[in-house]
Amino acid sequence: MLKITAIGNLTNDVELKCHEDGKPYAILRIASDRRYRDREGNKLTDFISIKVRGALAERCAAFAWKGCKLAASGDFETISFAEDPTRQPGFLIKANEVEFLSPRRVEESPETQTATQRSGCGLERRSSGMSELSAAAGSEGYGACSDEAA
C-alpha cells in the first residue's frame, strides 16, 4: 500500500467538474516551498496536483480558496501524456482525505453566510458555513474531511 501526504497552498480557486455519469470531481493544485534553497539562494517550490471526487470534491469547492493551506492524503498515481511523448511523466495524488489548515474566512454579513453559487456541473456550492462532518462533531466547521465520512 502506498499513501502520500502533501501540504501546501492552493494555487487557484476550486473548480468543480462532473464526469459523464454526473459525479463531481475537482483537480486541486498546491504549491509547497522546500525547506532549503538552491546554490544561488533561490527558493525551490514544488507544484502538486490532487484529484478529489464526490462529496469530498464538493466540500473542497465550498471551503477552500486560492491561497489557503491544506493537507491532502491518498494514493499516488503516475500520469503520462500520450498526446505529447516529449513531455515528462508526472504524478498526482488521488486524495481520500483533505484537511484545511488555514483559518476560516470571516464573512461580512449573515446574508453572505447562506449565499450559494452554481458550479460547472449544476451543483450548489455554499460560500461558507459548517460542513456536515464538522457540524455533527460540534466544531466550527473547518478541519479534516474524507471520503469515508461521505
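**Close-up views of the predicted model**

**View 1. Ser-73 lies in strand E5.** The model is predicted: local features need pLDDT of at least 70, side-chain atom pairs count only at pLDDT 80 or more, and totals for chains, interfaces and linings use all residues. Residues are numbered from 1 along each chain as its sequence is written, and side-chain values use heavy atoms, with hydrogens and water left out. Strands (E, at least two residues) and helices (H or I, at least four) are DSSP runs numbered from the N terminus. With a relative accessible area of 9%, Ser-73 is buried. Buried means under 20% relative accessible area, exposed means over 50%, and partly exposed covers the range in between (1.4 Å probe, protein chains only). The side chain of Ser-73 makes a polar contact of 2.8 Å with that of Thr-5. A polar contact is a pair of N or O atoms within 3.5 Å; within protein, one must be able to donate a hydrogen and the other to accept it, and residues adjacent in sequence count only if both atoms are side-chain atoms. Setting aside neighbours within four places in sequence, Ser-73 is in contact (heavy atoms within 4.5 Å) with Lys-3, Ile-4, Thr-5, Ile-93, Lys-94, Ala-95, Asn-96 and Glu-97.

**View 2. Strand E1 pairs with E5 and with E3.** Two strands pair if DSSP finds at least two bridges between them. E1 and E5 run antiparallel and are joined by six bridges; here Ile-7 stands opposite Ala-71 of E5. The pairing of E1 with E3 is also antiparallel, over two bridges. Asn-9 has Ala-31 in E3 as its bridge partner. In a regular strand the side chains alternate between the two faces of the sheet.

**View 3. The largest nonpolar core holds 25 residues.** Such a core is a set of buried Ala, Val, Leu, Ile, Met, Phe, Trp, Tyr and Cys residues joined through side-chain atoms within 4.5 Å. The members that touch the most others are Leu-10, Leu-28, Ile-50, Val-52, Leu-70 and Val-98. Two or more residues each come from strands E1 (4-10), E3 (24-37), E4 (43-53), E5 (69-79) and E6 (90-100), and from helix H1 (54-63). H1 gives the largest share, six residues. Not counting residues up to four places away in sequence, Leu-70 touches Ala-6, Ile-7, Gly-8, Leu-10, Ile-30, Ile-50, Val-98, Glu-99, Phe-100 and Leu-101.

View 4. Seven of the ten H1 residues are buried, so the helix is largely enclosed by the rest of the structure.

**View 5. Asp-33 and Lys-43 form a salt bridge.** A salt bridge is a side-chain nitrogen of Lys or Arg within 4 Å of a carboxyl oxygen of Asp or Glu, and the count by this rule is three. For Asp-33 and Lys-43, the closest N and O atoms are 3.7 Å apart. Asp-33 lies in strand E3 and Lys-43 in strand E4, so the pair ties together parts that are ten residues apart in sequence. Asp-33 is partly exposed at 45% relative accessible area, whereas Lys-43 is exposed at 54%.

**View 6. Arg-34 and Asp-46 form a salt bridge.** Their closest N and O atoms are 2.7 Å apart. This pair links distant parts of the chain, with Arg-34 in strand E3 and Asp-46 in strand E4, twelve residues apart. Arg-34 is partly exposed, with a relative accessible area of 37%; Asp-46 is also partly exposed, at 29%.

**View 7. Glu-77 and Lys-94 form a salt bridge.** The closest N and O atoms of this pair are 3.4 Å apart. Glu-77 lies in strand E5 and Lys-94 in strand E6, so parts that are 17 residues apart in sequence are tied together. Glu-77 counts as partly exposed at 30% relative accessibility, and Lys-94 counts as partly exposed at 29%.
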